[in-house]
Structures are given as structure tokens and as C-alpha cells.
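Subject: Structure handover

Hello,

Please find the structure below.

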Amino acid sequence: MSERKHRTQIVRTTGILQNNLGVALTAHLDLVNLNNDPVEVRVQVLNWGNAVTQTNPVSTLLDITQTLPGNTRMAFNATVPASFHYEVRLSVGCNNDSEGDNVLLTTYGRTAVGGGQVVGLSVLDSQFQTVTVESCF
């Protein structure tokens, strides 16, 4: 039986946000690779539930790993249940460390896909925090 290897990964996160509406909202994400070369990225929206204390996310609302071509923008949407907490994360592939600074992510809450923005749920790229997380592979 093989032993799992632990490694650390640099992740950019919004931190915990809350859908403070009485209905589900759409977390809209705009991702852009400003490099000329493609970059492997992972974009996640994690559901942290609505409990006062929550250990680990209760579910994953969006989890996409793909190669983003150079000079390309992509949009993603995830539905966040009413009154639930959520987090948006971005990881740039290990082989792309030097290009990670040129991959930008912005997120905001919408009342529906194509609907109006929810005040207080916009996070610009410069507002994301960089953290180190341990992952198993």
C-alpha cells in the first residue's frame, strides 16, 4: 500500500463570505491569464455551510482544474444557498510559479446568472489573500 505524500500549495482565497440574502445567489467569477503562455489553474467555490462552527467545507459548489490559454478570460458561476458561507479559491499549477502573478481572479455575488450585483460580495483580485495549505496526493 502506498503512503500518501503531503505537500504544501500556495492558494489565493477570498476568505469566508456569506450569502446574506434570503434566497440562493450566484457567485460569479472572472478569471484571466495575462501571460502569452497557457497556465494550469484550479478554481474552487467551497460551501462552508450555515452553522456557527464548521470544520471543513460541507460541499464543493465549483471545482475546475484546466489549462487556461494565454491572454484568455473565462467566467464561472456557482450557486450559493441562502444564508450559507462560501469561499472562492484559486491555485496556479506548480510548473507555472513565475506566471502566477499574471493570473487574475475577481468574484462578485449576483442575484441570478446575469442579474444585479449583491452589495458587499465583490472581491477584487488585489483583495484575495495568499495562504499555504497542505494537500495529499
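In strand β8, Leu 105 is the bridge partner of Leu 31. Before going further, note that this is a predicted model, in which local features need pLDDT of at least 70 and side-chain atom pairs count only at pLDDT 80 or more, while totals for chains, interfaces and linings use all residues. Residues are numbered from 1 along each chain as its sequence is written, and side-chain values use heavy atoms, with hydrogens and water left out.

Two terms are needed at once. Strands (E, at least two residues) and helices (H or I, at least four) are DSSP runs, numbered from the N terminus. Two strands pair if DSSP finds at least two bridges between them.

Strand β3 (residues 25-33) pairs with β8 over eight bridges, in the antiparallel sense. Both belong to an open sheet of three strands in the order β6-β3-β8, with antiparallel pairing. Its edge strands are β6 and β8 (103-110), each of which pairs on one side only. On average, neighbouring strands of this sheet are turned by 20° against each other, direction ignored; the axes are lines fitted to C-alpha atoms, for helices over the stretch in contact, and angles run from 0 to 180 degrees between N-to-C directions.

Strand β4 and its partners

Strand β4 (residues 39-49) is largely enclosed by the rest of the structure, because nine of its 11 residues are buried. Buried means under 20% relative accessible area, exposed means over 50%, and partly exposed lies in between (1.4 Å probe, protein chains only). β4 pairs with strand β5 (residues 59-68) over nine antiparallel bridges, and Arg 42 has Thr 65 in β5 as its bridge partner. With strand β7 (residues 85-92), β4 forms eight bridges, also in the antiparallel sense. Here Val 43 stands opposite Leu 90 in β7.

Ser 91 is in strand β7 too. This serine counts as buried because its relative accessibility is 4%. Leaving out residues up to four places away in sequence, Ser 91 touches Gln 9, Ile 10, Val 11, Glu 40, Val 41 and Arg 42, where contact means heavy atoms within 4.5 Å.

Two loop residues

Most residues other than glycine have a negative phi. Asn 56, in the loop between β4 and β5, has a positive phi of about 70° although it is not a glycine. Asn 71 lies in the loop between β5 and β6 (72-80), and its phi is positive as well, at about 50°.

Regards
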